[in-house]
Amino acid sequence: MAKKQAKKAAGGTPATVALTAAKAEFTLHAYEHDPAAPSYGEEAAVALGVSADRVFKTLVADVDGELTVAVVPVSGSLDLKALAAAVGGKRATMADPAAAERTTGYVRGGISPLGQRKRLRTVLDSSARAHPTVCVSAGRRGLEVELSPSDLAALTSATLAPIARA
């Protein structure tokens, strides 16, 4: 317990603590977050100088009454029907932001698919496989983690499926 708190005190987040504990290879990228930015994901892509199809946003949806995480490129949007189909559900809607924050332990704009308070079923858009590495939130606004899509999928027990729309 003291070790985990020490890592957090040194600037870690639950996501980076989980990555370190799993001995995963990753790179942290910090940037100055602008609270007025209209899109957290696009802001990250521009700040990091990375193509928007390599930066993935973490969205929480409600699929038939169960919160589910969708990880899609910031260059597109989530296809709710495709998400529901990917997990064998009938209907998906975006989750209540307060429920998403409470369940994941992260604030909107900083929700990471890694190190969530309660592990949720996760679906990673299959376009991630086209890249050697992708970036996702490291657990707070202004902090991204870059890792291989295969590590991201393994660490989140994600299903890979085409859930994004261009």
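Helices (H or I, at least four residues) and strands (E, at least two) are taken here as DSSP runs and are numbered from the N terminus. Residues are numbered from 1 along each chain as its sequence is written, and side-chain values use heavy atoms, with hydrogens and water left out. The model is a predicted one, in which local features need pLDDT of at least 70 and side-chain atom pairs count only at pLDDT 80 or more, whereas totals for chains, interfaces and linings use all residues.

The chain holds 6 helices and 10 strands. Its radius of gyration is 15 Å, close to the 15 Å that the globule rule gives for 166 residues, so the chain is as compact as a globular protein of that length; the radius is taken over C-alpha atoms, and the rule is 2.2 Å times the number of residues to the power 0.38. Along its principal axes the C-alpha trace spans about 45 × 35 × 30 Å. Buried residues make up 45% of the 166 residues in the chain, where buried means under 20% relative accessible area, exposed means over 50%, and partly exposed lies in between (1.4 Å probe, protein chains only). Counting as a contact any pair with heavy atoms within 4.5 Å, one finds that among contacts between residues at least 6 apart in sequence, 61% join residues at least 24 apart.

The UniProt record, in an unreviewed entry, places the feature "domain: YbaK/aminoacyl-tRNA synthetase-associated" at residues 37–154; UniProt positions follow the numbering used here, feature names are shortened, and annotations may be inferred rather than shown by experiment. Over residues 37–154 the chain is 25% helix and 32% strand, and the end C-alpha atoms are 31 Å apart.

Consider next an open sheet of 3 strands, which run in the order 1-8-7 with antiparallel pairing, two strands being paired if DSSP finds at least two bridges between them. Strand 1 (27–30) and strand 7 (134–140) stand at the edges with a single partner strand each, so one side of each is left without a neighbour in the sheet. Neighbouring strands of this sheet are turned by 35° against each other on average, direction ignored, with axes fitted as lines to C-alpha atoms (for helices over the stretch in contact) and angles between N-to-C directions running from 0 to 180 degrees.

Strand 8 (residues 143–147) pairs with strand 1 in the antiparallel sense over 4 bridges, and H29 stands opposite E144 in strand 8. Strand 8 also pairs with strand 7, again in the antiparallel sense, over 5 bridges, and here C135 stands opposite E146. The hairpin of strand 7 and strand 8 has 2 residues between the strands, and G142 takes a positive phi near 90° in this hairpin. How many of the 7 residues of strand 7 are buried? The number is 6, so strand 7 is largely enclosed by the rest of the structure.

In helix 3 (residues 40–48), G41, E43, A44 and A45 are buried, and what covers the buried residues of helix 3 includes strand 8. Helix 3 is followed by G49, whose phi is positive, near 65°.

The buried residues of helix 6 (residues 149–156) are P149, L152, A153 and T156. Seen down the axis of helix 6, these residues fall within an arc of 95°, so they line one face of the helix; the arc is that of the directions from the helix axis to the C-beta atoms. On the other side of helix 6, S150 and A154 are exposed. The buried residues of helix 6 pack against strand 6 (121–125), strand 7, strand 8 and strand 9 (159–161). After helix 6 comes S157, with a positive phi near 55°.

Some single residues complete the tour. Q116 lies in the loop between helix 5 (97–104) and strand 6, and Q116 is buried, with a relative accessible area of 12%. Leaving aside its neighbours within four places in sequence, Q116 is in contact with T58, V69, T104, Y106 and I111. K81, in helix 4 (residues 80–86), is by its relative accessible area of 73% exposed.
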